[in-house]
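Please keep the model open while reading.

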Amino acid sequence: MINLNDVKTLLNSEDKQVISVYLRIDPALRENQADNPAWRIWLKNAVRDAERDMRDSKREIWEDRKERLYTYIDNYTPSAKSLIIFIGQSFEQIHELPILISENAFNYGEIQIAPMLWLLDEYKPYLITLIDTEKAQLMTMYLGNVTSRSELESDRFAYDFGEKTLMPRQTSVANAGTQVTQGSNRDRFEDTMDEHIDHFYRNVAAEIETVLKRDKLKRIILGGSEQSAHALKDMLSNNWQEKIIAVLPIPMDSNDSEISKRVLPSALDYERQKEVTLVDDVIGLAKSDGRGALGQGAIEEALTQQRVELLIAPWEQELDNKAIVEHLAHKTLQNGGEVEFVHGEAAQLLIDEGGMAAKLYYTI
């Protein structure tokens with residue numbers, strides 16, 4: 001599964017004649033159910049358009065890249081929703097994704113990374129935990145796909161409680177004999193069970209914190225039994241509770257596809273809210289203490305001075321000039337900064353303030 005480090009590695013390549021392909025290959029799409037699916041037709045047309053005006057000096061290199069692309073595609077059977085391909089002189093990278101990209105894209109020349117950055121930004125990794133009183137499942141979901149899974153089980157049934165629920169209780173009355181009652185023994189049994197359940201929740205909370213630290217995750221979604229999920233939430237320290245995005249009604253026996261369908265809407269809603277807050281903050285910085293930049297010109301100047309910590313731009317239908325954003329994204333990453341694409345309300349805020357923004361390391 002691709003990550004930001006992979007993108008940065010691709011950017012370090014000095015190869016300026018790279019094929020970049022983004023394809024919507026989902027077999028469930030009606031246009032892809034013909035014998036010759038729409039994505040294959042689209043790709044062939046894109047390749048034809050790319051070579052139509054190609055200079056002779058580039059033809060030999062182009063033919064090599066094209067032949068390698070077709071060799072792969074001609075033997076490919078879709079098993080995902082999206083396909084991403086990068087082909088350069090010394091590398092071929094193929095990535096199948098379980099999420100559907102917004103549109104097909106093809107480029108020959110400098111590697112095209114903006115669509116990949118959007119995917120990495122839109123589908124950040126989440127830790128999903130499903131829990132009840134008997135077991136817990138911890139899953140990492142990345143790019144819409146469950147990439148790892150572990151399970152913990154309660155030990156509350158590992159003890160011989162059953163024979164103790166009706167133990168005889170001695171009376172204090174002389175010669176009264178022995179009475180078999182439930183009374184306080186039942187209470188002790190239930191208290192013991194509750195203690196083991198709480199102990200189980202604490203163990204799961206500790207494991208969650210371990211995974212969050214180890215994998216540097218910043219988002220949590222809880223599911224399973226609602227009562228158990230909220231009890232687990234209370235067991236987490238305040239710092240980790242703040243990273244819980246939602247507690248959702250996800251059954252314990254849900255498969256990966258069902259979990260993804262239930263989680264993604266809440267995850268994407270959360271990202272939209274974060275984007276609005278981020279854009280508001282950076283616009284405020286630009287208008288107050290100067291640690292923000294608004295508009296292409298100001299951002300270009302800040303990039304020249306290597307002051308850009310974070311580039312923020314609208315994505316997809318909000319973009320007027322994708323080539324400019326691609327160019328600025330390249331420069332930002334090469335200078336050690338980061339890139340954030342925003343949508344909806346946050347995108348409109350940017351458009352109203354010059355089209356794009358940047359958070360700066362310092363002001364001058």
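Ile 312 stands opposite Glu 340 of strand β14. The model is a predicted one, in which local features need pLDDT of at least 70 and side-chain atom pairs count only at pLDDT 80 or more, while totals for chains, interfaces and linings use all residues. Residues are numbered from 1 along each chain as its sequence is written, and side-chain values use heavy atoms, with hydrogens and water left out.

**The sheet**

Helices (H or I, at least four residues) and strands (E, at least two) are DSSP runs, numbered from the N terminus. Two strands count as paired if DSSP finds at least two bridges between them. Four strands form an open sheet with mixed pairing, in the order β12-β15-β13-β14. Strands β12 (292-294) and β14 (338-342) are at the edges, each with a single partner strand, so one side of each has no neighbour in the sheet. From one strand to the next, the twist averages 20°.

Strands β13 and β14 run parallel and are joined by five bridges. With β15 (residues 357-360), β13 (residues 308-314) pairs in the antiparallel sense over four bridges; the bridge partner of Leu 311 in β15 is Ala 358. In general, strands of a sheet pair through backbone hydrogen bonds, parallel or antiparallel.

Is β13 enclosed or left open by the rest of the structure? Six of its seven residues are buried, so β13 is largely enclosed. Buried means under 20% relative accessible area, exposed over 50%, and partly exposed in between (1.4 Å probe, protein chains only).

**Helices on the sheet**

Contact here means heavy atoms within 4.5 Å. Axes are lines fitted to C-alpha atoms, for helices over the stretch in contact, and angles run from 0 to 180 degrees between N-to-C directions.

| α9 | 296-304 | touches β12, β13 and β15 | about 155° with β13 |

The axes of α9 and α10 come within 10 Å and cross at roughly 25°. That makes α9 roughly parallel to α10, a label given to angles under 35 degrees, with over 145 counted as roughly antiparallel, 65 to 115 as roughly perpendicular and the rest as oblique. From α9, the contact uses Gln 296, Ile 299, Glu 300, Leu 303 and Thr 304; from α10, it uses Ile 324, His 327, Leu 328, Lys 331 and Thr 332.

**Nonpolar cores**

A nonpolar core is a set of buried Ala, Val, Leu, Ile, Met, Phe, Trp, Tyr and Cys residues joined through side-chain atoms within 4.5 Å. The largest has 57 residues, of which Leu 119, Leu 143 and Phe 341 touch the most other members. Helix α4 (residues 114-122) gives this core the most, six residues. Leaving out residues up to four places away in sequence, the contacts of Phe 341 include Ala 114, Leu 117, Trp 118, Ala 313 and Val 325, and also Asp 121 and Glu 275. Apart from this core lies another, of 21 residues, including Leu 127, Leu 222, Ala 229 and Trp 240.

**Two loop residues with positive phi**

Lys 216 lies in the loop between α5 (183-215) and β10 (220-224). The phi of Lys 216 is near 55°, positive in a residue other than glycine, and Lys 216 is exposed at 71% relative accessible area. Gln 306, in the loop between α9 and β13, is not a glycine either and has a positive phi of about 55°. Gln 306 is exposed, with a relative accessible area of 54%.
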